[in-house]
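Subject: Model for your records

Hello,

Here is the structure I said I would pass on. My notes on it follow below the display.

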Amino acid sequence: MTSKRRPLLAGNWKMNGTRASLDQIKAIGDGVKTSLSEKLDVLLCPPVSLLYVATALCDDSPLAIGAQDCHQKASGAHTGDISAEMIADCFGTHVIVGHSERRRDHDESDDLIRAKAEAAYAADLIAVICIGETEAERKAGETLEVLKRQLGASVPENATAKSTVIAYEPVWAIGTGLTPTLADVAEAHDFIRSTLAERFGEEAKGIRLLYGGSANPGNARVLIAVDNVDGLLVGGASLKAADFLAMYGAYGELLA
Ligand code: PGA
């Protein structure tokens with residue numbers, strides 16, 4: 001973590017949550033109304049069915065609300081899809097693109113993900129672009145090569161520090177309780193930073209890099225202290241307000 005970059009703690013609810021979960025969103029929104037929020041951004045991405053209600057519930061909170069995916073076009077005949085404009089219309093401010101579950105379940109390619117990020121920019125949303133290696137790729141020693149390829153093809157040419165967040169999520173660590181060693185996290189994040197610097201120069205210094213994959217209240221403190229880890233993208237541990245707020249609290253010490 002470098003003090004120049006404002007950390008971002010982000011939660012991704014995936015396909016979880018009904019109206020009965022709105023009390024958790026409200027509790028998170030209320031829980032981040034502390035002075036710590038002057039020093040870090042907090043984002044929650046519930047399923048799109050809860051998006052509009054969530055933004056209304058949290059309109060007096062520093063908690064930002066975002067979505068988990070968007071279509072690459074602004075509107076049109078694309079049954080079942082949601083555009084970045086629609087997310088912005090619900091007062092969402094961020095959208096995750098290229099999550100490994102989208103890449104896997106919907107065969108999303110790097111080119112498509114780049115187009116989705118461009119759609120996000122066009123709607124003034126911040127794109128949280130996910131990259132990460134599979135277990136087989138890590139075992140084959142291909143991790144950095146995969147990250148380089150995904151960064152090169154999924155991140156748009158006009159990406160800026162303001163419009164773009166990169167989430168490094170090793171696929172094998174997502175939802176498994178497994179995490180890379182801190183040295184492996186540091187290696188990946190340093191590599192991502194330098195790869196972005198080759199392409200974007202000085203601008204790359206401001207792009208926030210999140211770690212994601214089995215981050216939880218127990219390991220948050222050590223993960224957020226790793227160099228070039230500017231925040232976390234949290235799945236399972238963001239579903240319960242108490243857990244997510246404990247991770248928010250972990251920043252208290254780091255940013256004191
Ligand atoms: P997890 O998911 O925290 O449940 O491992 C992270 C993610 O997929 O963003």
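This is a predicted model: local features need pLDDT of at least 70, side-chain atom pairs count only at pLDDT 80 or more; totals for chains, interfaces and linings use all residues.

The lining is made up of 20 residues, and Lys14, Gln68, Asp69, Arg102 and His106 are the closest to the pocket's centre.

Arg102 and Asp69 form a salt bridge, with 3.2 Å between the closest N and O atoms. The pair connects distant parts of the chain, 33 residues apart: Arg102 is in helix 4 (residues 100–105), while Asp69 is in the loop between strand 3 and helix 3 (84–89). Asp69 is buried, at a relative accessible area of 15%, whereas Arg102 is partly exposed, at 22%. The two fall on either side of the 20% cut-off for buried.

Other salt bridges

The count of salt bridges comes to 22.

- Asp111 with Arg114: the closest N and O atoms are 3.1 Å apart. Both residues are in helix 5 (residues 110–122), and because they are three residues apart, about one helical turn separates them. Asp111 is partly exposed at 47% relative accessibility, and Arg114 is partly exposed at 26%.
- Glu253 with Arg221: the closest N and O atoms are 3.2 Å apart. Glu253 belongs to helix 10 and Arg221 to helix 9 (residues 220–224), so this bridge ties together parts that are 32 residues apart in sequence. Glu253 is exposed, with 58% relative accessibility, and Arg221 is partly exposed, with a relative accessible area of 41%.
- Lys26, Asp30, Lys33 and Asp60: these four are linked in a network of salt bridges.

Helix 1

Which residues of helix 1 are buried? In this helix (residues 22–31) they are Leu22, Ile25, Ile28 and Gly29. They sit on the same side of helix 1, because the arc they cover around the axis is only 120°. An α-helix has 3.6 residues a turn, so residues three or four places apart point the same way. The buried residues of helix 1 pack against strand 2 (41–45), helix 2 (51–57), strand 3 (64–67) and helix 10 (241–254).

Ile25, in helix 1, has a relative accessible area of 0% and is buried. Setting aside neighbours within four places in sequence, Ile25 is in contact with Trp13, Leu44, Pro46, Leu50, Ala54, Cys58, Leu63 and Ile65. The C-alpha atoms of Ile25 and Leu239 are separated by 8.7 Å, although the two residues are 214 residues apart along the chain.

Nonpolar cores

Ile25 is also one of the residues with the most contacts inside the largest nonpolar core, which has 68 residues; the others are Leu9, Ile129, Ile166, Ile192, Leu196 and Leu232. Helix 8 (residues 182–200) supplies the largest share of this core, seven residues. For Ile192, again leaving aside neighbours within four places in sequence, the contacts are Ile131, Leu147, Leu151, Ile166, Tyr168 and Leu209. Another core lies apart from the largest one and has 13 residues, including Leu8, Cys45, Ala64 and Leu210. In soluble globular proteins, nonpolar side chains tend to be buried together.

Ser214 counts as buried at 16% relative accessibility, and Asn228 counts as buried at 12%.

Regards

Key
Residues are numbered from 1 along each chain as its sequence is written. Side-chain values use heavy atoms; hydrogens and water are left out. Buried means under 20% relative accessible area, exposed over 50%, partly exposed in between (1.4 Å probe, protein chains only). Helices (H or I, at least four residues) and strands (E, at least two) are DSSP runs, numbered from the N terminus. The arc is that of the directions from the helix axis to the C-beta atoms. Contact means heavy atoms within 4.5 Å. A salt bridge is a side-chain nitrogen of Lys or Arg within 4 Å of a carboxyl oxygen of Asp or Glu. A nonpolar core is a set of buried Ala, Val, Leu, Ile, Met, Phe, Trp, Tyr and Cys residues joined through side-chain atoms within 4.5 Å. On a 1 Å grid over the protein atoms alone, a cavity is a set of points where a 1.4 Å probe fits but cannot get out, and a pocket is an open set with protein on both sides within 12 Å along at least five of seven lines; lining residues have an atom within 4 Å of a point.
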